[in-house]
Amino acid sequence: MRVLLIGANGYLGRFVADRLLADPAVQLTALGRGDDADVRFDLASGSPGALTRFLDAVHPGVVVNCAGTTRGGARELTRHNTVAVATVCEALRRSGCGARLVQIGCGAEYGPSQPGSSTAEDAVPRPGGPYGVSKLAATELVLGSGLDAVVLRVFSPAGPGTPAGSPLGRLAEAMRRAMQSGDGELKLTGLGVQRDFVDVRDVARAVHAASLSAAQGVINIGSGRAVRLRDAAAVLARVAGYGGALHELDGPPGTLRGPIGHPRGEGDHLPPAAYPYPDGCGTWQQADVRTARDRLGWRPRINLEESLADIWMEAACRI
């Protein structure tokens, strides 16, 4: 099976490439903007015609699109997350290769959900920010393309390679600096949200499974369990061996909550986060992952503690 992987140098794309290369039945070709791509091509500015000619020459059986961006203004997000996908869809429609498309979507397409609920694929998407809007538009393009296609809505990826600017990456960096300077107390903000974290290596397994399957439509990829960011911070402190006190600064100005990891009483309710989580999904998000189990035979294997340990190992190696 010949697979064309778009965005192989990105956060998710690197692990998808490793997973596909481990399959001896896969012949992988990487297309991207970097110098180390097999073929250099910018989806945001390249024409569908040029991509069609390449598809006809390579004739892949599967196209996996991991390209996109999480940062920037509405114009940049639209260009890299929506226009780029329109280019892929149009090129596949014109091409005679008949390739299957595996598009990487995201949980931010759903927007805020009711605390305690699990979001299934039939939920009405209401993205809460421009990133989610740009990704939802891409999903709608794929679903309306008439192609043999599946969209994997990945919730909150974690594990090795986690960007330093992401919420978990910032936690690890703050802890590294505290340990480096000998601070016995670390004050953190924005920990009131709960998210469904899924390891990037499990995401890569899902992409591999989707490439081999006949499943179409939207499929959620997550752990199926929401975790408080404040609880993730406590786990990170444990795997890092940080012996200082972690204090949470969420709540009204001037309020200092007790140490993270203290036993929670019945009246210990989470206040609103001081700084919104950047995905526009409010205080709670949890995936219903039954479709991935039933249609892809996929389940997450790597727990959050292992993902956080890998995030910490990379942060600890920074100078």
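Start by selecting helix α4, residues 130-143, and look for its buried residues: Tyr 131, Gly 132, Ser 134, Lys 135, Leu 136, Ala 138, Thr 139 and Val 142. Buried here means under 20% relative accessible area, exposed means over 50%, and partly exposed is in between (1.4 Å probe, protein chains only). Helices (H or I, at least four residues) and strands (E, at least two) are DSSP runs, numbered from the N terminus.

You're in a predicted model, where local features need pLDDT of at least 70, side-chain atom pairs count only at pLDDT 80 or more, and totals for chains, interfaces and linings use all residues. Residues are numbered from 1 along each chain as its sequence is written, and side-chain values use heavy atoms, leaving out hydrogens and water.

Now show what covers the buried residues of α4: the cover includes α3 (74-94), β5, β6 and β10.

Next, step to Gly 144, in the loop between α4 and β6. Gly 144 is exposed, at 63% relative accessible area.

On to the largest nonpolar core, with 33 residues. Such a core is a set of buried Ala, Val, Leu, Ile, Met, Phe, Trp, Tyr and Cys residues joined through side-chain atoms within 4.5 Å. Val 16, Val 64 and Leu 296 are among those with the most contacts inside it. Color α6 (200-212), one of the elements giving two or more residues to this core; α6 gives the most, seven residues.

Last stop: another core lies apart from that one, with 29 residues, including Leu 4, Leu 92, Ala 149 and Val 218.

Notes: Expected span 1.5 Å × (residues − 1). Contact = heavy atoms within 4.5 Å.
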